Amino acid sequence: MKAVVLAAGEGTRMRPLTATRPKPMVPVAGKPLVEHVLDAAAEHVDGYVLVVGYKADAIRDHLGDAHRGKPITYVDQDEQRGTAHAIGKADPHVDERFLALNGDVVIDDGLVAKLANADSTAIATMRVDDPRSYGVVGRDGDRVVDIVEKPDDPPSNLANLGLYAFDPAIFEYIERTGRSERGEYEITDSIEMLIEDGDRVVAVEHDGAWLDVGRPWEVLDANERLLEHCSRRLDGEIEDGATLNGDVVVEEGARVRSGAYVEGPVLIQSGADVGPNAYVRGATVIGPDARVGNAVEVKNSILLSGASAGHLSYVGDSIIGADANLGAGTKVANLRHDDQSVQMAVKGEQVDTGRRKLGTVLADGVKTGINTSLNAGTKLGVGAMTRPGEAVMSDRGDGV
Ligand code: TTP
């Protein structure tokens, strides 16, 4: 059985992180999202078909020809015309039952096992309190009878998680699928046609981890969730006088200097350099070659590769892009004093993130001047810089 993994998306809601990488390559808990998906499927498949498009080379270069010894075939979807169109691209490479998985979700092995072991076309679902913002699966007995998008009056509380097991017969239905109201070829329309023809489609119910990672703060959610599984491992250089509490991973080639105080779950990746006298709290990833210097506090954040907070900074609930540099004294606000949840702009619209604490998202290469203040929920895009002492109250730079 193969896993067809959809990874062609641009991730426009994830900007500015996706200005320089496709969404499946956004690092979470130390490796790209898509790699976690491949990991979750690894025990159940004998190969992968990756559907790639936007910045496809980044995915190819990172994953190469195999994952955990299982071969990877790449197929191009030049234009994102919908999930049915994407899955249809795998047709020449699949001749038996297969899994179709999104490359930008957090799932666990148990869910993949349930899909792989189902005896007919299967849809992964999860019970949710309010299904109105999901595709909702209606059932008669154990058979799925329809899938309704964002219904006012949901037929059940089973949300469609967008992960499937198909027989190759689905490709004929994909061929016959027309464009939906939003102009895309949707796999749910292909499945509806299959059901109308009397084919058996079942819903497998999931009760473990599942997160759809579409917007920047969901990267932090995913990071928190995945770091729960890390266990203490100290392979790097730890100077005398450093304190490492709980599930802290210091990879080989990383260095934690004297006076650093680290409370897990924290992952310090190879080449990273922490301290002296830094305070790092979970759930945090200090990425490869990243720097957290003297009197810097980092909490619940991700510093991507080569990012640097060298002196006297506070970074909370934030994502600092690759090679971004925080000038001395840069501080991030991550909490509103009116106790409202933090808002962030997504494609130009202010969205309530539902998070009480959320800091900033900086694109790769951003530079802040000394003593910059970054307000909660602000983003700085590619090429953005700030002047010394600036208070950044709204987004700026390209691709935010
Ligand atoms: P989305 O999250 O809907 O799309 P996206 O990743 O481009 O993000 P955004 O809406 O922010 O621009 O897609 C769900 C998954 O399916 C994701 O893994 C990308 C993948 N996909 C394709 O590979 N090809 C497609 O044509 C579509 C629509 C999605």
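This is a predicted model: local features need pLDDT of at least 70, side-chain atom pairs count only at pLDDT 80 or more; totals for chains, interfaces and linings use all residues.
**Ground rules.** I number residues from 1 along each chain as its sequence is written, and my side-chain values use heavy atoms, with hydrogens and water left out. Local features need pLDDT of at least 70 and side-chain atom pairs count only at pLDDT 80 or more, while totals for chains, interfaces and linings use all residues.

**Domains.** I looked up the domain assignment, which gives domain 1 (2-214) and domain 2 (230-392); such bounds come from an automatic or database assignment. The contact (heavy atoms within 4.5 Å) takes eleven residues from domain 1 and 17 residues from domain 2. I noted 32 Å between the two domain centres, taken over C-alpha atoms.

An unreviewed UniProt entry annotates residues 2-227 as "domain: Nucleotidyl transferase". I read that span as 27% helix and 31% strand, with its end C-alpha atoms 28 Å apart. Helices (H or I, at least four residues) and strands (E, at least two) are DSSP runs, numbered from the N terminus. The unreviewed entry also places "domain: Mannose-1-phosphate guanyltransferase C-terminal" at residues 263-353. For residues 263-353 I have 0% helix and 46% strand, and 26 Å between the end C-alpha atoms. Both annotations use the numbering here, their names are shortened, and they may be inferred rather than shown by experiment.

**Helix 4.** In helix 4 (residues 109-117) I found Leu-111, Val-112, Ala-113, Leu-115 and Ala-116 buried, that is, under 20% relative accessible area with a 1.4 Å probe, protein chains only. Their cover includes helix 1 (33-41), strand 7 (98-102), strand 8 (105-107), strand 9 (121-127), strand 12 (158-166) and strand 13 (201-206).

**Ile-123.** I then went to Ile-123, in strand 9. Ile-123 is buried, at a relative accessible area of 0%. Beyond four places in sequence, its contacts include Leu-115, Val-137, Ile-147, Tyr-164, Ile-191 and Val-202. I also checked Ala-165, 42 residues away along the chain, and its C-alpha atom is 6.7 Å from that of Ile-123.

**Second largest pocket.** A pocket is an open set of points on a 1 Å grid over the protein atoms alone, where a 1.4 Å probe fits, with protein on both sides within 12 Å along at least five of seven lines; lining residues have an atom within 4 Å of a point. I read about 300 Å³ for the second largest pocket. Of its 14 lining residues, Ala-29, Lys-31, Leu-227, Cys-230 and Leu-267 are the closest to its centre. Domain 1 and domain 2 each supply at least three residues of the lining.

Terms used. Buried means under 20% relative accessible area, exposed over 50%, partly exposed in between (1.4 Å probe, protein chains only). Grid points are joined across faces, edges and corners, and a volume is the space filled by probe spheres set on the points.
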